Structures are given as structure tokens and as C-alpha cells.
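This briefing looks at one helix and at the aromatic pairs of the structure shown below. Please read the points alongside the coordinates.

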Amino acid sequence: MKTSVAIYPGSFDPVTNGHLDLIERGEKMFDLLIVAVLRNAEKQPLFTVPERVEMLRETTKHLSSVEVEVFDGLLVDFARKRGAAVILRGIRAVSDYEYELQMALMNRKLEPRLETVFMIPGEPYSYLSAKLVREIAQFGAPLNGLVPPIVEERLRTKMS
Ligand code: PNS
């Protein structure tokens, strides 16, 4: 069953194997899955938006129904512009739920026609986050299994 266009939004600083697991699951469900990188002036990211987009494009190039784009402003406005009916988000553990519920309900208030769909990433990624990956990379510990090789390489370069 496929239902048109979905958006998978996030910071992706950097893309992890957990994100990619979710993208691969989502790609099977929707005609088009737009991975949308937020250009957030408030946060202090490790990677620039173009760097994050490049890593996402490189690691999803085998998926024909996936596009990577940048957005700023409200997610619901971007979704309207791209004709998306679904926002895709991953929930790893109960601790994610409160934040995700708040966002999903706020987005529903702003645009009632937009549904948020939650998916659960594969078990090996249930404790994985981009924040932890950045921390581990900072101290030079191994990242195998956590991020794709190209991201590991970029992290090493960034940290050196
Ligand atoms: O990966 P993240 O950082 O948890 O993703 C958060 C993101 C990008 C999904 C969220 O911050 C977002 O949608 N920001 C856009 C601004 C917006 O629409 N805010 C209201 C949503 S409740």
C-alpha cells in the first residue's frame, strides 16, 4: 500500500544508520519520501546544511523514491508546498514520545489535513542518536555500525 508524498524532517547532524533504517522503511510505504533538513539558525550544528545534505544524498542514492531537500520556517508550510500528506518520524523509546506527541499535535493544530506517522527503527538503532555519535566521534571511539562509512570519514576529518 502506498500513499503519496511523505516528509521525513530532522536536523540530520549527521545522518546515522538509525535515520537510514527509517528512510528505507518509509521508502517502501510512500510514492515519494522527502528527507527534509531543517535550516535552523538557533542551533550550533557540527556539519553545515550543504554537508548534511550531501551525506544524505550519498547514502540514499540507491533509493529511487527518496529526495533530500532543505527547509526553513514551519514544517507544515513546507509540507503544503510539496503536496505532502504525511510527516514521518521515528520513535526509538518511550523517552522520545513526549516530544514527538507535542510536535505531532502542534502540527495537527496548524494543519489538520497533515498526519504524522511514527515508525520504529530496527532494534540495533534504538539507543542511537546523532548527538551521541557526535560525542563519540569527538573522543575518537569507533563508530562502526552507527553511521555509514562516508559519515564516519567526514566525522574523523571534522574532528582532526
Ligand atoms: O531531528 P530533530 O532535530 O528532532 O527534528 C526536529 C524538527 C526539524 C522536525 C522540528 O524542529 C521542526 O519541524 N522544525 C520546524 C519548525 C516547526 O515547524 N516548528 C513547529 C513544529 S511543532
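Predicted model: local features only at pLDDT ≥ 70, side-chain atom pairs only at ≥ 80, totals over all residues.

The buried residues of helix H4 are Asp96, Glu100, Ala104 and Asn107.

**Geometry of H4**
- Helix H4 runs over residues 94–110, a stretch of 17 residues, and its span from the first C-alpha to the last is 25 Å, which is close to the 24 Å expected at 1.5 Å a residue.

**Cover over the buried residues of H4**
- The elements that cover the buried residues of H4 include helix H3 (75–81), together with strand S4 (86–90) and strand S5 (115–119).

**Aromatic pairs**
- Two aromatic pairs are found when the whole structure is searched.
- In one of them, Tyr8 and Phe12 have ring centres 5.3 Å apart and planes at 80 degrees, and the pair is therefore edge-to-face, since planes over 60 degrees apart count as such.
- Tyr8 counts as buried because its relative accessibility is 6%, and Phe12, with a relative accessible area of 3%, is buried as well, the cut-off for buried being under 20%.
- Phe71 and Phe78 form a stacked aromatic pair, with 5.3 Å from centre to centre and 25 degrees between the planes, and both Phe71 and Phe78 are buried.

Key:
Residues numbered from 1 in each chain as written. Heavy atoms only, no water. Helix = DSSP H or I, 4+ residues; strand = E, 2+ residues; numbered from the N terminus. Expected span 1.5 Å × (residues − 1). Buried < 20%, exposed > 50% of the residue type's maximum accessible area, 1.4 Å probe, protein only. Contact = heavy atoms within 4.5 Å. Phe/Tyr/Trp six-rings, centres within 6.5 Å; stacked < 30°, edge-to-face > 60°.
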